[in-house]
Amino acid sequence: MSDKPARTASGRERSPAPPNRAERAAERRAAIVEAAMEEFIARGFAATRLDDVAKRAGVAKGTIYLHFKDKETLFEELIRTAIVPLVTRLGTLPAPGGSVRDALEGFAKTFVQEVATTRRGDIVRLIVAEGPRFPAIADFYYREVVSRGLAAMRGLIELGIARGEISVAKLGQFPQIVVAPAIIAVIWKSLFQRHAPLDADEMLRVHLDLIFGERSAT
């Protein structure tokens, strides 16, 4: 295919086609979700107003209602777009010849890089802080994120047990144990990082050593 710009019959370059209605709507929706993230993180769920989200997104408040029923559904979309794709990766089985430990370590590194040290971590902390006051949000997060993550983690643990990589069979009953350091990293970095910096990657490696046994030095 040629990378040269398209030209008209007269030889002049043809201007790129303007975005159509669906593209413009998708851009506005994305801008609203991005603005919502900033407002929810800055103010918390209870104090966030759709008026402020609209102002930050550069749209009319009525435009938000074209895409979202209310503030709760907007927050749900934020979780769905920012967090759920990361959990989906956890369901990927190890590559042929790869170990369960390698799969878990890879996911843990991704979690630290894309959640614990980014704005996504602020979303998780927000749910921890305000979930008890807004059970519908906590329920949604459990369905879309926690239950999926635990099911995928349990599958990897059972595979590790079947392969002989994991010796404690009962670990499959408590997949929360495996993901606990990731949650600790999210909370620690917001509360105590300035007092005692945490090397989350190294902590996760030590945690996996406890589960799989220490790796031999190469």
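Arg-101 is buried, with a relative accessible area of 5%. This is a predicted model, and in it Arg-101 forms a salt bridge with Asp-209, with 2.8 Å between the closest N and O atoms. The two residues come from distant parts of the chain: Arg-101 belongs to helix 6 (residues 100-116) and Asp-209 to helix 10 (residues 200-212), 108 residues apart. Asp-209 has a relative accessibility of 22%, so this residue counts as partly exposed.

## Salt bridges within a helix

The structure holds 16 salt bridges. In one of them, the side chains of Glu-39 and Arg-43 meet at 2.5 Å, N to O. Both residues are in helix 1, and because they are 4 residues apart, about one helical turn separates them. How accessible are Glu-39 and Arg-43? Glu-39 counts as buried at 4% relative accessibility, whereas Arg-43 counts as partly exposed at 43%.

Glu-202 is partly exposed at 36% relative accessibility, and Arg-205 is partly exposed at 29%. Back with Glu-39 and Arg-43, shared partners join these two with Arg-49, Asp-52 and Arg-56 into one network of salt bridges.

## Aromatic pairs around Phe-75

Now for the rings. The count of aromatic pairs comes to 6. One of them is formed by Phe-40 and Phe-75, with 4.9 Å from centre to centre and 80° between the planes, an edge-to-face arrangement. Phe-40 lies in helix 1 (residues 21-43) and Phe-75 in helix 4 (residues 71-82), so the pair links parts of the chain 35 residues apart. Both Phe-40 and Phe-75 are buried.

Which arrangement do the rings of Phe-45 and Phe-75 adopt? Their centres are 5.5 Å apart and their planes meet at 75°, so this pair is edge-to-face. Phe-45 sits in the loop between helix 1 and helix 2 (50-57) while Phe-75 is in helix 4, so the contact ties together parts that are 30 residues apart in sequence. Phe-45 is buried at 6% relative accessible area, and the value for Phe-75, also buried, is 2%.

## A cluster and a charge over a ring

Ring pairs link Phe-40, Phe-45, Phe-75 and Phe-134 into a cluster. Phe-45 has a charged neighbour too: Lys-71 lies over the face of this ring, 4.7 Å from the ring centre.

Conventions: Residues are numbered from 1 along each chain as its sequence is written. This is a predicted model: local features need pLDDT of at least 70, side-chain atom pairs count only at pLDDT 80 or more; totals for chains, interfaces and linings use all residues. Side-chain values use heavy atoms; hydrogens and water are left out. Rings of Phe, Tyr and Trp (its six-membered ring) pair if their centres lie within 6.5 Å; planes under 30 degrees apart count as stacked, over 60 as edge-to-face and the rest as tilted. Buried means under 20% relative accessible area, exposed over 50%, partly exposed in between (1.4 Å probe, protein chains only). A charge sits over a ring if NZ of Lys or CZ of Arg is within 6 Å of the ring centre and within 35 degrees of the ring normal. A salt bridge is a side-chain nitrogen of Lys or Arg within 4 Å of a carboxyl oxygen of Asp or Glu.
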